[in-house]
Structure formats: structure tokens, C-alpha cells
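Let's take a walk through this structure together, one piece at a time. Keep the sequence and the 3D view handy as you read.

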There are 2 protein chains.
Amino acid sequence: MSGFKSDQYGTCTFTVKQACPIELTMHIFGGKWKGIILSLLSQSPMYYNAMRREIPGISQRILTLQLRDLENDGIIEREETNDNPKKVLYYLTALGEDFVPILKSIETWGNAYLCKKNEHKRS
Amino acid sequence: MSGFKSDQYGTCTFTVKQACPIELTMHIFGGKWKGIILSLLSQSPMYYNAMRREIPGISQRILTLQLRDLENDGIIEREETNDNPKKVLYYLTALGEDFVPILKSIETWGNAYLCKKNEHKRS
DNA sequence: CGGTATCCAAGTCGATACTG
DNA sequence: CAGTATCGACTTGGATACCG
């Protein structure tokens with residue numbers, strides 16, 4: 001992806017009219033871990049450390065980065081508790097909820113794809 | 001994305017079971033121009049140069065690369081004519097066709113997103 | 001017409017260490 | 001607990017030139 005900040009998409013000037021929102025959406029959800037994050041948050045709101053535990057292999061830096069991206073793009077929101085030390089709860093916005101059905105279709109397609117590939121290997 | 005070749009996904013070992021096919025799918029369709037390419041091919045099969053004309057700003061190298069990716073992942077196929085000079089027709093496979101409805105949902109979501117963002121700017 | 005080859009810039013991820 | 005800072009590695013995309 002090439003140097004776009006989310007806010008710049010408002011002035012997108014593609015001549016292929018319908019392609020632009022697709023690229024935008026793929027850019028928003030295309031981070032390496034964003035699918036996992038979204039599918040976790042689609043089940044219930046979740047605290048930062050709970051997410052880390054549910055996503056083995058992700059580093060603190062990367063989790064924070066991806067969460068910031070999603071927050072800046074209006075897909076999730078964060079809410080700090082008053083505990084000490086504080087905890088931060090993440091949850092989907094309405095915009096994020098709207099994407100969940102699409103995420104499910106994507107998951108379904110991916111599973112079908114894996115099946116077909118495995119068929120190929122066996123033959 | 002991190003060094004995965006498509007074929008390696010068959011041995012994916014994520015503990016978050018459902019997240020893997022999502023990441024796989026986003027990886028297959030996540031290239032910068034793949035959305036545009038797919039939405040063009042969803043309308044009709046298309047020759048290489050016709051695609052170039054319909055996607056202003058893409059270079060030959062990149063178009064070829066993205067087409068190769070999609071071909072290797074089983075989303076599109078190519079067919080050379082016997083003309084001289086030869087022409088190459090690209091078209092969706094069944095697997096690719098299956099993704100078209102999802103692409104439409106993604107486009108719809110993206111348009112809704114752009115609307116909301118523009119509302120924000122005006123207020 | 002439909003590509004390759006080369007070379008470079010930018011983006012993205014990751015490991016590690018440190019902090020309020 | 002939930003980050004930030006730094007630095008390095010790899011991937012992706014782009015400009016340009018050339019080829020069968």
C-alpha cells in the first residue's frame with residue numbers, strides 16, 4: 001500500500017469509479033492482524049492484555065499499532081478504566097459492526113479455498 | 001504481510017482457529033490493485049492492454065505482477081490467442097466468481113464509510 | 001502486444017528495551 | 001497494565017528501459 005493516510009481518501013480521484021471504495025476498505029482491514037482483532041471484538045469487547053493472550057505471536061508494539069489504526073479509522077473505540085494500573089477496553093463502533101458480516105463471508109470463502117487446495121494436494 | 005507464499009497457508013497453525021482463513025483471504029485480495037482488477041474482470045473477461053487502459057496509473061510491471069499473483073492463487077486464468085502479436089485474455093475462475101459478491105459488499109461498506117467521513121467534515 | 005530486468009523508495013512488521 | 005522508542009529486515013510498489 002502506498003503512503004495513503006485514511007483522511008486522504010476523501011479526495012480520491014480514480015477514474016474507475018467503483019474501485020476506490022474497495023481499495024479503501026481493503027486498506028483499512030488489510031493489516032496482518034486486523035482480521036483476528038476484528039473477529040475477537042465481534043464476539044465481545046476485550047481488554048488489551050486479553051487480546052494479547054488470544055493472539056499468540058503478536059508483539060506489544062504491533063498490537064498497539066493495529067489498534068490505533070482501527071481507532072483512527074473509526075472501526076473501534078477505546079475506554080480506559082480508573083483502576084490502578086489502568087486497563088483499556090476495546091470495542092467495535094457501529095461502523096465496525098457493519099463489517100462483521102463481510103468478515104464472516106471472507107472467512108467462509110477462505111475455508112472453501114483451503115478445502116480446494118487440499119483436494120489438489122491429495123490428487 | 002510477512003513472507004508467506006500462498007502454498008504455505010495449508011500448514012497454517014494459528015491457535016485462533018477462525019482467524020487464519022481471514023488472513024489468507026485478505027492476503028490474496030489485498031494487493032493495491034487487485035480490487036480494481038477483480039471488479040473489472042467481474043464484468044467481463046478482458047485483454048491485458050484493455051485492463052491497462054482501464055486502470056490509469058498502474059505500470060506494466062505491477063499489472064503483470066498482480067495478475068500473476070491472482071493466477072497462482074487460482075482466482076483468474078489466462079489464455080493466449082494465436083494472433084501476431086499475441087493477445088492474452090484474463091478471466092475469473094469459479095473461485096474468483098465466488099468472491100465477487102464479497103467484493104460488492106466491500107464496495108458498499110466503503111461507500112458508506114466515505115459518506116460518514118464526509119458528514120464529519122461538514123460538521 | 002505482453003511482457004522482463006534493474007534499481008530504488010516506501011511501507012510494514014518484528015525484536016528488544018524502557019516508561020508512567 | 002498499556003503502552004513508547006529505536007532499529008533492523010523484509011515486502012511491496014513504482015520508474016524506466018529493453019525484449020520476443
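Start in chain A with two helices: the axes of H2(A) and H4(A) come within 10 Å and cross at roughly 70 degrees. Two packed helices are described by the angle between their axes and the distance between the axes. Here, axes are lines fitted to C-alpha atoms, for helices over the stretch in contact, and angles run from 0 to 180 degrees between N-to-C directions. Helices (H or I, at least four residues) and strands (E, at least two) are DSSP runs, numbered from the N terminus.

So H2(A) is roughly perpendicular to H4(A). For such labels, angles under 35 degrees count as roughly parallel, over 145 as roughly antiparallel, 65 to 115 as roughly perpendicular and the rest as oblique. On the H2(A) side, the contact is made by A:Lys34, A:Ile37 and A:Leu38, and H4(A) brings A:Leu63, A:Gln66, A:Leu67, A:Asp69 and A:Leu70. Contact means heavy atoms within 4.5 Å. What kinds of residues make up the contact of H2(A) with H4(A)? They divide into five nonpolar, one polar and two charged. In this scheme Ala, Val, Leu, Ile, Met, Phe, Trp, Tyr, Cys and Pro count as nonpolar, Asp, Glu, Lys and Arg as charged, and the others, Gly among them, as polar.

A quick word on the ground rules. This is a predicted model, in which local features need pLDDT of at least 70 and side-chain atom pairs count only at pLDDT 80 or more, while totals for chains, interfaces and linings use all residues. Residues are numbered from 1 along each chain as its sequence is written, chains are lettered from A and ligands numbered from 1 in the order in which they are written, and side-chain values use heavy atoms, leaving out hydrogens and water.

Now for the sheet. In chain A, three strands make an open sheet in the order E1-E3-E2, with antiparallel pairing. Its edge strands are E1 (46-47) and E2 (76-80), each pairing on one side only. Two strands pair if DSSP finds at least two bridges between them; E2(A) and E3 (residues 88-92) of chain A have five, in the antiparallel sense. Look for A:Arg78, which stands opposite A:Tyr90 in E3(A).

The two helices come back here. H2 (residues 34-41) of chain A packs on the sheet and touches E1, E2 and E3, its direction making about 90 degrees with that of E3(A). H4 (residues 60-72) of chain A lies across E2 and E3, running at about 110 degrees to E2(A).

Next, find the loop between E2 and E3 of chain A, where A:Pro85 sits. Most peptide bonds are trans. A cis peptide bond, however, joins A:Asn84 and A:Pro85, with omega about 0 degrees.

Over to chain B. Its open sheet of three strands has the order E1-E3-E2, and the pairing is antiparallel. E1(B) and E3 (residues 88-92) of chain B pair over two bridges, and the bridge partner of B:Met46 in E3(B) is B:Tyr90. H2(B) and H4(B) pack at an angle of about 70 degrees, with their axes 10 Å apart. In the loop between E2 and E3 of chain B lies B:Pro85, joined to B:Asn84 by a cis peptide bond.
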